[in-house]
Amino acid sequence: MSVVSRRIWQPLKNKLQPIVRDYTDVLMEMGKDIRSHPFSSLSKLSVIGAFFWSANVAPDMQSYEDQVTIANADIGEVSESERRKSSFDHVARRAELLSQDRLDFMWLGPISLVVEREYPRSLKLFRATHSTAWFDSLLSFPRHIADVGFNKNWFMLQLAMVDYDISEELSPPSSPAEVIFNRIFKRE
């Protein structure tokens, strides 16, 4: 037996087998209960199916990088006098953060988050510790969210790219979604 098999594969297999067996038993029981409790069984199966579907179509970091690159190219094709400055600033900032390796990816099942780090991963800085450091980081977390993904879409990037080729002077008033976006996630 190799070292990898002994140290990694066997312990992982030993921990995962009971979990898989338990979930298999639960699904088998739900299948047996369909006749006696059809609505309950059907609702449980649909919730499980919806979770697996949404987790399967959650976007990943590679798709975010691809969409930022595409958006950057699209905005680059529009002359500076015609493009929306807020769209350009949003995409340019995300492209800069990607090039500095300051974005982290969080997969939360059906939802994916791209979170901005204060410093690049290669920089080894540690904040001075004090009793409320975790509380401060929890309060500042929404400011560090760079984008939210669901169903293969990145919502803040898509919102920033709406009418990117129309200057602010020519564009209609802001939509309610854009106003909410600017109030919550605007970083000055």
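This is a predicted model: local features need pLDDT of at least 70, side-chain atom pairs count only at pLDDT 80 or more; totals for chains, interfaces and linings use all residues.
Student: Let's start with H4. How far apart are its end C-alpha atoms, and what span should we expect?

Tutor: They are 21 Å apart. Helix H4 covers residues 85-99, and at 1.5 Å a residue its 15 residues should span 21 Å, so the two agree.

Student: Which residues of H4 are buried?

Tutor: Ser87, His90, Val91, Arg94 and Leu97 are. They take up an arc of only 125° around the axis, so they sit on the same side of H4.

Student: And what's on the other side of H4?

Tutor: Lys85 and Ser99 are there, and both are exposed.

Student: OK, what does H4 lie across?

Tutor: H4 lies across E1, E2 and strand E3, which is 145-150. The helix runs at about 95° to E1.

Student: Switching to the sheet, then. What's the strand order?

Tutor: The order is E1-E2-E3-E4, in an open sheet with antiparallel pairing. E1 and strand E4 (153-154) are the edge strands, since each pairs on one side only.

Student: How many bridges join E1 to E2?

Tutor: There are 6 bridges between E1 (residues 103-108) and E2 (residues 111-116). Leu108 has Ile111 of E2 as its bridge partner, and Phe105 stands opposite Val114 in E2.

Student: What about the hairpin of E1 and E2, how many residues are between the strands?

Tutor: It has 2, and Gly109 in that hairpin takes a positive phi near 80°.

Student: Which residue with a positive phi follows H4?

Tutor: That's Asp101, with a phi near 55°. Asp101 lies in the loop between H4 and E1. Its relative accessible area is 37%, which falls between the 20% and 50% cut-offs, so Asp101 is partly exposed. Its C-alpha atom is separated by 9.4 Å from that of Glu116, 15 residues apart along the chain.

Student: Now the core. Which residues have the most contacts inside the largest nonpolar core?

Tutor: Tyr64, Val91, Leu103, Val114, Leu157 and Met161, in a core of 15 residues. Helix H3 (61-76) and H4 each supply at least two residues of this core, and H3 gives the most, with 5 residues.

Student: Why would nonpolar side chains end up together like that?

Tutor: In soluble globular proteins, they tend to be buried together.

Student: Last one: what is Leu157 in contact with, leaving aside neighbours within four places in sequence?

Tutor: Gln67, Val68, Ala71, His90, Val91 and Asp147. Two of those, His90 and Val91, are among the buried residues of H4.

Conventions. Residues are numbered from 1 along each chain as its sequence is written. Side-chain values use heavy atoms; hydrogens and water are left out. Helices (H or I, at least four residues) and strands (E, at least two) are DSSP runs, numbered from the N terminus. The expected span of a helix is 1.5 Å times one less than its number of residues. Buried means under 20% relative accessible area, exposed over 50%, partly exposed in between (1.4 Å probe, protein chains only). The arc is that of the directions from the helix axis to the C-beta atoms. Two strands pair if DSSP finds at least two bridges between them. A nonpolar core is a set of buried Ala, Val, Leu, Ile, Met, Phe, Trp, Tyr and Cys residues joined through side-chain atoms within 4.5 Å. Contact means heavy atoms within 4.5 Å. Axes are lines fitted to C-alpha atoms, for helices over the stretch in contact, and angles run from 0 to 180 degrees between N-to-C directions.
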